[in-house]
Amino acid sequence: MEYKAPVEAHTGVVREETIGTGEKALKLGGENILPFHFFDEGSLPNAPTFALEILDMEPTDWPDDLLEPFKNVISDPVKWAKKCEEFGADAVSICLLSTDPAGENRSPDEAAALVKKVADSINIPVLVYGSGDDKKDAEVLPKVAEACDGKNLLIGPVLKENYEVVGRAILEHGHKAWAESPLDINLLKELNVKLCHFLPPERIVIDPESTAIGYGFEYSFTLMERVKQLGVIIKDSMTQMPMIANLGKEVWKTKQAKENKKQGLLFEAMTALGLLLAGANILVLRHPESINLLKETIGGEIWQK
Amino acid sequence: MVVIGENIHVIAKVVNDAIKARDAKVIQDLAKVQAEGGADYIDLNLGFCRKDPTVMGWAANMVQEVVDLPLSIDTMNPLAMEEGLKVCKKKPLLNSASGKADSKEQMLPLAKKYNCDVVISVINDKGMPAEGDSKLDSIMDTVAYANDLGIPNENIWADPIVLPVSTAGEGQKNALATYEFIEMVPEALPGLKSTVGLSNISNGAPMELRPLLNHVYLIMLARKGLYSSIHDALDKEIMDISKDRKQKLVDLVYRTWDGEEIDPSSLSQEEINYVKTTKVLTGEVLYSDAWLEG
């Protein structure tokens, strides 16, 4: 008897969303198959994309191997962003660490001016990630949204605690919301439901929170997998958004990644590969060589389907 | 449905204070209003009663002075349990035993000694079985042990353990396992009854929405043949549901559960909420605290 491999066909489609403007704008999502299920019926019109992360201040805890590719530019975020573009990143993710009230506590206006300068000086799209202090971000992120009006940035983290004020600024100034919740499918859905009271669902990207291998990675993996399955198979409208994996910052704070270069690159690339398999549509990494390693691993041709 | 009124519970400050002060009136008033509300049993949850196990006997006597209902003696302390059971005038309910070794050794013999009814949960030394099948396996083991002690199936009320539906991922799965369990019990263990601690389903959900989850879940469990439920006997709506006085809402829940697409424009807001809640409790829609919105 001849074996015939089963072929699945799903009717749920992940929303297709664009970040940035112009030729280098990124398209995310749009698939109605599970990650890497190229043998099933359906398509994945947009291959996963890779952003490199920069900080708005000189890093204090990055290992030398991670600083090395950027050694002449780390004190200047604009030059740093350009360097990322040269390395072939699909986007630059700028983390506004200096606005943290527990650190340098820089003002919202300073942050907004810097993001605009960065966005104006590169052609690839910009993602903006606040300090993570929900109150300060509620001041900083709306300023950034306003200063970069119409640039269609991905701005976050939009949290349960500040989604109204940050989400409305994102709506008003033509951006996308980077909606983050703490590793919990129910909270993730709740945040999307609440955002959708005023923000169209096709302007939300889900961040379920990423973790590095060995640091609770299984939670991130199963959660992302579940979000994708709910969207594609069950057609839960509140989980049918593209997902972002912000993993570089998680990987490079581990002692394993800091130990030596080879280990660091493998740690970052393997974590990213895992999250790709789970369903991430865009990944934020820190080392340009990790991206090369990943692209080599997953190949290019399969993504043409 | 047999309702065990849960309102005399040590977690309520007024009850806790009354027990400490041995203030009978507070306890008696709570028992009376529950009886008027339609409760069939009065649950006495006085905590572990570590300092003075005899308080259970005192409370049971006080309640029996004013209401003519059987009592559910609710404590983890075998000494307090016996203090309660020995003064009961009507056949009481021992609440509760489980498949854990110490419970089998200390609680089940009391159920035999006083020939009372006994709640046995599916918990065992390995923890809480998650699937319908494994819940049933666990209860079958403990029931076999109880039968050997001389406790007949007719005296046993099986508790599958309700978990909060809001527990990430697991809560909804457990809700489904509970329906399965309740459906399977009569065939697997003829004569056995079933009961649940209902309000745990809504633990962690927004306070104002908790009753809705409790109501719909009770309707769904009742459809599967649930014999009894421990819940708020002062919630008029849930008492109406328990006593089959809400047929229209019950029908609506059944139709939703059976997959019928009901036109929302034909429904009141309350009915729409029942439909949405049913879909969460069947596992069709992923739970979030905002399940009524959007």
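**View 1. Y163(A) is a buried residue of the predicted model.** Its relative accessibility is 15%, where buried means under 20% relative accessible area, exposed over 50% and partly exposed in between (1.4 Å probe, protein chains only). The model is predicted, so local features need pLDDT of at least 70 and side-chain atom pairs count only at pLDDT 80 or more, whereas totals for chains, interfaces and linings use all residues. Residues are numbered from 1 along each chain as its sequence is written, chains are lettered from A and ligands numbered from 1 in the order in which they are written, and side-chain values use heavy atoms, with hydrogens and water left out.

**View 2. Y163(A) and F198(A) form a stacked aromatic pair.** Rings of Phe, Tyr and Trp (its six-membered ring) pair if their centres lie within 6.5 Å; planes under 30 degrees apart count as stacked, over 60 as edge-to-face and the rest as tilted. By this rule there are 12 aromatic pairs over all chains. In the pair shown, the centre-to-centre value is 6.5 Å and the planes are 15° apart. Y163(A) belongs to helix 5 (residues 163-172) of chain A, and F198(A) to the loop between helix 6 (185-195) and strand 8 (204-207) of chain A, so the pair ties together parts 35 residues apart in sequence. Helices (H or I, at least four residues) and strands (E, at least two) are DSSP runs, numbered from the N terminus. F198(A) is buried, with a relative accessible area of 13%.

**View 3. W157(B) and Y227(B) form an edge-to-face pair.** The ring centres are 5.2 Å apart and the planes stand at 85°. W157(B) lies in strand 6 (residues 156-159) of chain B and Y227(B) in the loop between helix 9 (210-223) and strand 8 (228-231) of chain B, so parts 70 residues apart in sequence are tied together by the pair. W157(B) is buried at 1% relative accessible area, while Y227(B) is partly exposed at 32%.

**View 4. Helix 3 (residues 55-66) and helix 4 (residues 78-85) of chain B cross at roughly 30°.** Their axes come within 7 Å; axes are lines fitted to C-alpha atoms, for helices over the stretch in contact, and angles run from 0 to 180 degrees between N-to-C directions. The two helices of chain B are therefore roughly parallel to each other (angles under 35 degrees count as roughly parallel, over 145 as roughly antiparallel, 65 to 115 as roughly perpendicular and the rest as oblique). Helix 3 of chain B contributes M56(B), G57(B) and A60(B) to the contact, and helix 4 of chain B contributes A80(B), E83(B) and G84(B); contact means heavy atoms within 4.5 Å.

**View 5. A177(A) lies in strand 7 (residues 176-180) of chain A.** A177(A) is buried, with a relative accessible area of 0%. Leaving aside neighbours within four places in sequence, the contacts of A177(A) include L154(A), I155(A), V158(A) and I170(A).

**View 6. G156(A) and P157(A) are joined by a cis peptide bond.** Omega is about 0°. P157(A) is part of strand 6 (residues 154-158) of chain A.

**View 7. D244(B) has a positive phi although it is not a glycine.** The value of phi is about 60°. D244(B) sits in the loop between helix 10 (236-242) and helix 11 (247-257) of chain B. D244(B) is exposed, with a relative accessible area of 62%.
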